[in-house]
Amino acid sequence: GDIQEGMGDRQPREPPVENGWIPYMGCALQFGANPLEFLRSRQKKYGHIFTCKIAGRYVHFLCDPFSYHSVIRQGRHLDWKKFHFSASVKVKSYKGRCLSRTSTRRLCVSNNLFLQAFGHKSMDPSHGYTTENLHKTFLKTLQGEALPSLIENMMENLQSVMLQSNMLKSSSSEWEVDGIFAFCYKVMFESGYLTLFGKELDGDKTIARQQAQKALVLSALENFKEFDKIFPALVAGLPIHVFKSGHSARENLAKTMLHENLSKRTKISDLISLRMQLNDSLSTFNELSKARTHVAILWASQANTLPATFWTLFYLIRCPAAMNAATEEVRNVFKGSNQKVDPKNPQLVLTREQLDNMPVLDSIIKEAMRLSSASLNVRVAKEDFLLHLDNMESYRIRKDDVIALYPQMLHFDPEIYEDPLTYKYDRFLDEKGQEKTCFFRGGRRLRYYYMPFGSGVTKCPGRFFAVHEIKQFLALVLSYFQMELLDSEVKVPPLDQSRAGLGILQPTYDVDFKYRLKAL
Ligand code: HEM
């Protein structure tokens with residue numbers, strides 16, 4: 001507003017440009033081996049905001065948490081669905097985390113999940129399949145009134161999966177050994193899959209049918225792993241047919257999600273059934289493309305949850321104080337509602353209110369995600385404008401420029417989180433043992449200090465369900481199992497940086513633990 005061009009030294013400026021930074025060819029969000037170090041060193045050199053030219057486009061990295069708000073609040077200058085319908089065939093995109101194929105020399109930013117990586121065409125807005133509609137669909141089917149039935153089904157599925165015979169082969173008093181990631185994968189994938197996509201119709205409960213159902217989920221799990229492996233490369237813009245097994249894995253997943261197959265299932269979530277309806281009534285997709293939209297949802301619902309569950313359980317088992325506090329909280333909640341832990345008759349339930357009143361588990365989950373999340377938040381400038389920072393400086397941003405936030409900078413900031421690399425299970429608890437929301441930097445209270453789910457309009461619509469399902473998982477493993485690390489001195493496995501920008505990072509290797517049923 002008040003600052004205009006040609007006004008002497010108050011002239012609007014553009015952020016300093018880092019020229020020496022060329023992304024690797026075909027690599028998504030390559031900040032080099034260590035994006036955090038890269039951004040920190042440039043922040044030191046340039047200050048709160050600086051620009052990298054990536055594939056012909058200007059990307060402004062905003063590093064001052066007190067200025068985040070000017071990007072996150074939905075101002076008229078910034079767009080989050082910009083490229084949704086621009087359907088550039090050459091550019092593969094995934095929700096604002098994407099780089100172009102080198103041939104196009106463009107950075108494409110889109111905040112939509114319905115992407116080329118999943119192999120179906122853009123939704124056609126003329127049929128009412130707009131970004132807003134899709135967004136509303138998510139909010140309606142993943143939040144508020146949709147939560148109780150998601151919670152109820154998840155709780156039932158978790159118990160039947162974690163107590164079934166292939167998890168506990170030997171007699172119950174003997175230890176089972178497994179990787180923590182492998183364990184979390186098996187339990188969370190199957191439970192989450194059944195909760196969203198339903199189960200086979202109840203009518204036929206023969207052993208053979210149950211085994212067939214089990215085989216279907218296990219093969220979905222293997223296909224999911226195979227597809228997830230190549231996901232960073234797809235985001236980077238590499239064409240999927242380069243990856244034979246990843247490609248066929250995606251197509252196998254899609255086949256199981258053809259509407260004709262889904263319609264034979266029961267207890268399908270509102271999310272999937274509503275999206276089946278929309279696919280049928282509003283899209284011009286063929287059957288396979290419709291099925292691929294469900295693969296996209298499967299990916300969104302699992303890709304972050306699985307590593308988040310791993311880190312939560314790993315740090316928890318490793319920290320006796322956390323184990324004690326969590327076990328106590330869980331015991332009290334079940335006791336308070338007169339429920340008995342009995343693996344022979346597994347019928348524990350947790351209401352949404354109970355789940356929302358577990359501050360210790362909440363802090364344990366937050367702390368694990370603080371240490372493992374590396375998502376990138378992006379917005380695109382709709383027009384030339386001045387970005388006002390908290391320190392009263394303003395910078396000129398041009399139309400089509402990208403503004404990026406990298407919240408890992410907050411999560412690992414020693415001025416916000418003392419000893420940021422150290423796991424402290426109670427970091428997010430206040431003196432009263434309730435959720436802590438007061439975090440400071442340089443004596444000033446922060447509005448943004450924890451952002452693994454993104455921010456503003458593009459915030460993950462599944463975040464409540466995600467936290468609930470991890471809490472449910474923890475409540476159940478703590479109730480049913482005794483768990484120990486095989487090597488109590490085991491080091492924290494490094495984060496797999498190849499996924500930086502995409503969400504919760506995976507461990508570079510798994511860590512073994514043992515578990516057995518608790519004596520009643
Ligand atoms: C999008 C994180 C679990 C559904 C996102 C985004 C992030 C994120 C960072 C992108 C926001 C942006 O574009 O800036 C996480 C984490 C999870 C998790 C850390 C678990 C720990 C889930 C679950 C579901 C889900 C369980 C649901 C079933 C979605 C969907 C989108 C999304 C549908 C895309 C929204 C859109 O494009 O409009 N998530 N998520 N997420 N998430 Fe999650």
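Mentor: Helices here are DSSP runs of H or I with at least four residues and strands are runs of E with at least two, numbered from the N terminus. The model is predicted, with local features needing pLDDT of at least 70 and side-chain atom pairs counted only at pLDDT 80 or more, while totals for chains, interfaces and linings use all residues. Residue numbers start from 1 along each chain as its sequence is written.

Trainee: Why are helix 6 and helix 7 called oblique to each other?

Mentor: The axes of helix 6 (residues 207–235) and helix 7 (residues 244–256) come within 8 Å and cross at roughly 140°. Axes are lines fitted to C-alpha atoms, for helices over the stretch in contact, and angles run from 0 to 180 degrees between N-to-C directions. Under 35 degrees is roughly parallel, over 145 roughly antiparallel, 65 to 115 roughly perpendicular, and the rest oblique. The two helices are therefore oblique. Helix 6 also passes helix 7 in a left-handed crossing, meaning that the near helix is turned anticlockwise from the far one by less than a right angle, whereas clockwise is right-handed.

Trainee: What makes helix 11 and helix 14 roughly perpendicular?

Mentor: Helix 11 and helix 14 (residues 359–372) pack at about 115°, with axes 9 Å apart; they therefore count as roughly perpendicular. The crossing of helix 11 past helix 14 is right-handed. Pro307, Ala308, Trp311, Thr312, Tyr315 and Leu316 of helix 11 meet Ile364, Ile365, Ala368, Met369, Leu371 and Ser372 of helix 14, where contact requires C-beta atoms, placed from the backbone, within 7 Å. This contact has 10 nonpolar, two polar and no charged residues.

Trainee: Why are helix 11 and helix 16 called oblique?

Mentor: Their axes come within 11 Å and cross at roughly 40°, and the pair is therefore oblique. Helix 11 passes helix 16 in a right-handed crossing. Thr305, Ala308, Thr309 and Thr312 of helix 11 meet Ala466, Glu469, Ile470, Phe473 and Leu474 of helix 16. Five of the contact residues are nonpolar, three polar and one charged.

Trainee: How do you know that strand 5 and strand 17 pair?

Mentor: Pairing requires at least two DSSP bridges, and four bridges join strand 5 to strand 17 (residues 512–517), the two running antiparallel. Asp178 stands opposite Phe513 in strand 17. Helix 5 (residues 180–197) lies across both strands, at about 90° to strand 5.

Trainee: What makes strand 5 and strand 15 edges of the sheet?

Mentor: The open sheet of three strands has the order 5-17-15, with antiparallel pairing. Strand 5 (176–179) and strand 15 (481–485) each have a single partner strand, so one side of each lacks a neighbour in the sheet. The twist averages 30° from one strand to the next.

How values were computed:
Contact = placed C-beta atoms within 7 Å. Nonpolar A, V, L, I, M, F, W, Y, C, P; charged D, E, K, R; others polar.
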